[in-house]
Amino acid sequence: MIVPKSGWPDVEMEDKLLIWRFKRGSGDALRRIYEKYVVYLVTLSTALLNDVSTAEDIVHDVFVSFAQSAGQLRLEGSLKAYLAIYVVNRVRDTVRTRRRQPSSLDEAYSTCSTARGPELSAVCSEELQQLSKAMAQLPYEQKEVVMLHLHGGMMFKQIAKAQNVSINTVQSRYRYALEKLRSSLNSEMRK
Amino acid sequence: MKQEEIETLVKQLNVRLTAEMYDRTLTDTLEAQQIQKKKSAARRPNLWRFIMESKITRYSAAAVVALAMALILLDPFGTSDSGHIVWAQVAQNMDKVQMFVHKELRFYYELGKDEPFLKTNVIKHACPKYGVVEEQYTTEGDLMHRAYVLGEARQIVAVVPKIKKYFKVPMTDTMAQLTDLLTPRGLVEHFMAIKHKDLGASQIDGHKVEGFEAIDTELWPIHDAFNFLFPVKQISWRFWIDVESSLPVRAEYEIITDRGLFTEMKKLKIVCKAYAFEYHQEAQEELFDPNIPDDYTELNLTDLMPVKAGLVGLGIVPAGFIIWKRRRRKKSTESRK
């Protein structure tokens with residue numbers, strides 16, 4: 001057997017099929033795309049904006065626009081990255097127009113996987129709350145890089161293209177962001 | 001806290017959506033899609049009329065059907081919705097075809113080089129009921145591979161005489177689903193959606209033909225399944241459709257690949273020229289029965305290491321779109337008049 005049965009890139013393949021069907025008007029495909037990515041996109045948007053309700057509005061608008069774009073959609077990379085960039089562009093517009101000052105990622109909405117058990121989950125939740133606060137203190141561009149890279153799985157090269165900056169700039173932003181997060185979290189832990 | 005721990009923590013950030021937000025956004029999204037579909041329908045009220053009003057689009061429809069069959073990507077497994085009238089005469093003609101055969105010349109170039117490093121002759125049979133089968137020969141007449149895409153069996157099978165090997169790849173549900181999706185209507189819409197141009201009228205073998213060209217970079221998700229072996233980056237198509245019969249008489253496609261295991265880690269350009277199309281109203285079932293000699297063993301990954309495999313694999317992996325069957329061994333000489 002030349003290709004292991006488990007080796008098919010079914011995730012990417014599934015997305016391509018979903019796009020294929022979506023472009024041909026399939027409501028089921030659109031629903032599946034929504035189910036698959038809505039949580040990630042709201043998380044991304046919330047982390048960048050520090051405001052859940054605005055983040056939800058943005059994701060709402062992004063999905064509605066996406067639904068209307070079937071005829072013009074030209075997808076070159078992954079669907080997840082495409083939607084993430086769509087959201088990030090909207091977030092940037094919002095940040096520019098509103099000039100929101102970061103407060104903190106709404107703690108009530110931060111959670112970690114419940115699969116880790118209730119005890120660990122409680123500890124994790126505390127860490128995440130600290131992380132949320134630390135994230136809120138990051139400059140917007142650094143936050144964007146951290147979220148797209150770590151949460152969205154995007155390569156620095158892809159992020160550089162999306163942010164229209166060099167890959168070195170993206171890597172620097174990531175390095176500075178991680179350093180700041182580490183500093184904030186460690187000082188919190190010492191308290 | 002170490003950097004790795006912070007990275008892990010960031011990955012765990014998650015927002016718990018309210019049911020209200022979730023439902024409202026989904027409802028609005030689906031409604032937006034419906035509204036958009038109605039608008040599109042209003043702009044293009046009738047696909048059939050759209051296609052048939054224009055000679056160009058009418059031939060394009062035929063071209064798409066033919067190419068898709070040629071590439072195994074038109075419901076070779078009996079999912080055609082023949083109840084649609086959108087295909088009008090062209091579609092009716094194609095629906096009558098139970099099997100078609102054509103020959104092909106294939107030229108393999110390393111990208112950027114002027115001279116092909118390999119020339120092959122191919123014969124292919126395609127049948128909506130049973131699938132597709134092809135044989136690829138060297139110019140000396142040695143069989144390089146015989147490959148099958150079998151719809152009912154949901155299997156891709158290839159036999160490689162040079163190394164006395166064979167392989168069988170099951171068609172995953174996703175792949176099978178893909179074949180279901182590639183209906184004639186879907187393909188026409190796809191073709192319409194990408195840039196294509198009319199190459200104008202011409203004469204081939206005494207027939208008046210019209211040519212079309214399209215470059216497709218988003219084509220066929222099926223390729224991704226083979227990406228590490230045969231990464232297709234772009235396909236350019238050219239067709240010539242007989243004006244009188246509305247059936248293809250010549251097709252050319254050029255495939256640009258990235259580096260893959262079956263390309264010997266080279267970037268390739270493969271130029272394929274299909275000719276001598278024959279359309280039959282009866283299929284020969286026996287042609288689609290894989291014939292694996294007893295002394296052949298199954299191919300495994302180590303057999304495919306570039307040095308060992310050489311060009312053995314070349315042309316097999318794109319079985320999703322290039323599967324052929326030699327029916328008669330003829331020295332093929334293409335001549336477009």
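Helix α4(A), residues 79–98 of chain A, has 20 residues and spans 28 Å from its first C-alpha to its last, close to the expected 28 Å at 1.5 Å a residue (the expected span is 1.5 Å times one less than the number of residues). This is a predicted model, in which local features need pLDDT of at least 70 and side-chain atom pairs count only at pLDDT 80 or more, while totals for chains, interfaces and linings use all residues. Residues are numbered from 1 along each chain as its sequence is written, and chains are lettered from A and ligands numbered from 1 in the order in which they are written.

A residue is buried if 20 or more other C-beta atoms lie within 10 Å of its own, exposed if 12 or fewer, and partly exposed in between, with C-beta atoms placed from the backbone.

| Group in α4(A) | Residues |
|---|---|
| Buried | Leu79(A), Leu83(A), Ala84(A), Val87(A), Val88(A), Arg90(A), Val91(A) |
| Exposed, on the face turned away from the buried side | Asp93(A), Arg96(A), Thr97(A) |

The buried residues of α4(A) fall within an arc of 170° seen down the axis, so they line one face of the helix (the arc is that of the directions from the helix axis to the C-beta atoms). An α-helix has 3.6 residues a turn, so residues three or four places apart point the same way.

What about the whole chain? Chain A has eight helices and zero strands (DSSP runs numbered from the N terminus: H or I of at least four residues for helices, E of at least two for strands). Of its 191 residues, 39% count as buried.
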